[in-house]
Amino acid sequence: MTNVMTLGQFIIERQAEFPYAKGELSRLLRDIGIAAKIVNREVNKAGLVDILGEAGTMNVQGEAVKKLDVYANEQFISALKSGGECCLIASEENEDVIQIDGEVSRNARYVVAIDPLDGSSNIDVNVAVGTIFSIYRRKTESGPCTKIDVLQKGTEQVAAGYIIYGSSTMLVYTTGHGVNGFTLDPSIGEFCFSHPNMVFPKTGKMYSLNEGNYVHFPEGVKKYLKYCQAEDKETNRPYTSRYIGSMVADIHRNMIKGGIFIYPTTASSPKGKLRLVYECNPLAFIVEQAGGRATNGFKRIMDLQVNEVHQRTPIFIGSEEMVKKAEEFMKEFSPELKEVLEAVEA
Ligand code: AHM
Ligand code: MG
């Protein structure tokens, strides 16, 4: 007998911590965990594409081969539909929200926002990708759920998590009582409790941003980057540059080692690139729960007004002291952006 605790056992043990606990949120998290294992199986086969067939073609069994992000989207939607606890899904892959009004979901009270496969351009090159999810209680009292139910501030999240399909596969989540991580043991097909009470180091040595966009960065980010690269023994500079291009993987690494991830506004993405509802808010919730900080350079991510399902925002997220320092640079050198970003919220 080993003392391994599975995700399923952990969720049941912690059920009492959930607001209005009746077991529904536990079941919802369990459903997401099951879909994650199925997606993981396919992600691990991604290198076999030449053998199994290209996306858009027929495989040897005569089935259509789907792109992995489409496949992941279908798996999560199907798990949430059949689980019966979710009445509405907002996904990066779907322009419109998906209402679930079948018999099994009649009394469902939860809404899920999801990016089923983030960083999907990394699949072809065998680099880590992720899934990001966010869970809210529905806002409307009765009738079918609508878009209104997902247009809630990040502070209203009841749970959030990510799955990282990396050198090992992990599921990390919070329900507002700290952050816990589970590593998939492929030999038994279970997520096993491996990272209790994850804590974001107060400061670190790593900065993660796409430096190729440098000429299009706001002045505050340019100046902060030069600060990161300047020599100073007392503050351990120059820092180290690490950018994977999969937000989940970059933030996961920074949470373990200490660091900052920035995706600012750029000339081609004047409102930022990353999506507030299913990328930034869930990661901000997790990072804050681990003692880190997440802002748009001026304002806390989770306090931003949500007007659109696919709304974008710049993000500065990671070790508290590093994010605060970057904000100082934004305030001093890019003050004009504050109003621009307030207008997006209005
Ligand atoms: P995606 O949802 O289309 O995969 O885009 C999100 C990803 C993030 O994971 C990553 O941080 C960022 O886009 C990388 O963008 P870029 O290539 O512009 O640096
Ligand atoms: Mg994405």
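The model is a predicted one, so local features are kept at pLDDT of at least 70 and side-chain atom pairs only at pLDDT 80 or more, while totals for chains, interfaces and linings use all residues. Residues are numbered from 1 along each chain as its sequence is written, chains are lettered from A and ligands numbered from 1 in the order in which they are written, and side-chain values use heavy atoms, with hydrogens and water left out.

Ligand 1 sits in the second largest pocket. A pocket here is an open set of points on a 1 Å grid over the protein atoms alone, where a 1.4 Å probe fits, with protein on both sides within 12 Å along at least five of seven lines; sitting in one takes more than half of the molecule's atoms within 2 Å of its grid points. Both domain 1 (7-195) and domain 2 (206-345) give residues to the shell, so ligand 1 lies between them; the domain bounds come from an automatic or database assignment.

Around ligand 1 there are 15 residues, and D118, G119, Y243, M247 and Y263 come nearest (near means a heavy atom within 4 Å). The shell splits into five nonpolar, five polar and five charged residues, with Ala, Val, Leu, Ile, Met, Phe, Trp, Tyr, Cys and Pro as nonpolar, Asp, Glu, Lys and Arg as charged, and the others, Gly among them, as polar. Strands β3 (110-118) and β11 (259-263) each supply at least two shell residues; strands are DSSP runs of E, at least two residues, and helices are runs of H or I, at least four.

Oxygen atoms of ligand 1 pair up with the protein as follows: 2.6 Å to a side-chain N or O atom of Y263, 2.7 Å to a backbone N or O atom of M247, and 3.0 Å to a polar side-chain atom of E92.

N126, not a glycine, still has a positive phi of about 60 degrees.

Terms used: Polar contact = N/O pair within 3.5 Å; in protein donor to acceptor, adjacent residues only side chain to side chain. 1 Å grid on protein atoms, 1.4 Å probe; cavity = no way out; pocket = protein on both sides within 12 Å on 5 of 7 lines; lining within 4 Å.
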